[in-house]
Amino acid sequence: MSDALDVIREFWRIQDADDYTQLVPLFSEDAVLEDPVYGTFRGNQAIGAFMTKMVSEMRARKTRFRAIEIAGAGESGWAQWVAETPAGDIHGVGVYKTRGDKLTYYRDYMNAPAPKPS
């Protein structure tokens, strides 16, 4: 059985490839994903549709996410991340809950974008 740290590390390994649709199998059928920009998605199918949208949105916005620090144990964990955008970096934290090797809950929190230096 995996613990949260293993699942979150796998999430970021997959996300680094820039195809968010590949993340969908990590979510349980009853998972909830809360995104501060796009809203709440309940269930694997809704999360899959959101991840498909994320592929085109992040490519169009030339945005790439990078994990800074990942921690977790048991059934919960978090990841500090930065979204690198042409307009400036956005720093945030993702909070995760797991059951076995599946994500059951994921929520991002983020700061306002930091402007790029002139």
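**View 1. Trp78 sits in strand β4, residues 76–85.** In this predicted model, Trp78 counts as partly exposed, with a relative accessible area of 34%. Look around Trp78 and you will find Val93, Val95 and Tyr109, which together with Trp78 make a nonpolar surface patch of about 320 Å².

**View 2. Tyr96 is a buried residue of strand β5.** The strand runs over residues 88–99, and Tyr96 has a relative accessible area of 0%. Leaving aside neighbours within four places in sequence, the contacts of Tyr96 include Ile8, Phe11 and Trp12, along with Glu75, Ser76, Gly77, Trp78 and Ala79. Leu103, Tyr105 and Tyr106 are also among the residues that Tyr96 contacts. With Trp12 there is a polar contact as well, side chain to side chain, at 3.0 Å. Glu84 makes a handy reference point: it is twelve residues from Tyr96 in sequence, and the two C-alpha atoms are 21 Å apart in space.

**View 3. Helix α2 spans residues 44–60 and has buried residues that pack against strands.** Which residues of α2 are buried? They are Asn44, Ile47, Gly48, Phe50, Met51, Met54, Val55 and Met58. These buried residues pack against β1 (27–35), β2 (39–42) and β3 (64–73). After the helix comes Lys62, with a positive phi near 55°.

**View 4. Arg64 and Asp18 join their side chains in a salt bridge of 2.5 Å, N to O.** Arg64 belongs to strand β3, while Asp18 lies in the loop between α1 (4–15) and β1, so the pair ties together parts that are 46 residues apart in sequence. Both partners are partly exposed: Arg64 at 36% relative accessibility and Asp18 at 26%. A search of the whole structure turns up six salt bridges, and the next view shows two others.

**View 5. Glu84 pairs with Arg66, and Glu57 with Arg61, in two salt bridges.** Side chains of opposite charge can pair when their charged atoms come close. Between Glu57 and Arg61, the N to O distance is 3.0 Å, and Arg61 is partly exposed, with a relative accessible area of 47%. For Glu84 and Arg66 the distance is 2.9 Å, N to O. This pair links distant parts of the chain, with Glu84 in strand β4 and Arg66 in strand β3, 18 residues apart. Glu84 is partly exposed at 27% relative accessibility, and Arg66 is partly exposed at 40%.

Notes. Residues numbered from 1 in each chain as written. Predicted model: local features only at pLDDT ≥ 70, side-chain atom pairs only at ≥ 80, totals over all residues. Heavy atoms only, no water. Helix = DSSP H or I, 4+ residues; strand = E, 2+ residues; numbered from the N terminus. Expected span 1.5 Å × (residues − 1). Buried < 20%, exposed > 50% of the residue type's maximum accessible area, 1.4 Å probe, protein only. Contact = heavy atoms within 4.5 Å. Patch = residues over 30% accessible without salt bridge, like charges linked within 9 Å, V, L, I, M, F, W, Y side chains within 5 Å. Areas by Shrake-Rupley, 256 points an atom, 1.4 Å probe, with all protein chains shown as cover. Salt bridge = Lys/Arg side-chain N within 4 Å of Asp/Glu carboxyl O. Polar contact = N/O pair within 3.5 Å; in protein donor to acceptor, adjacent residues only side chain to side chain.
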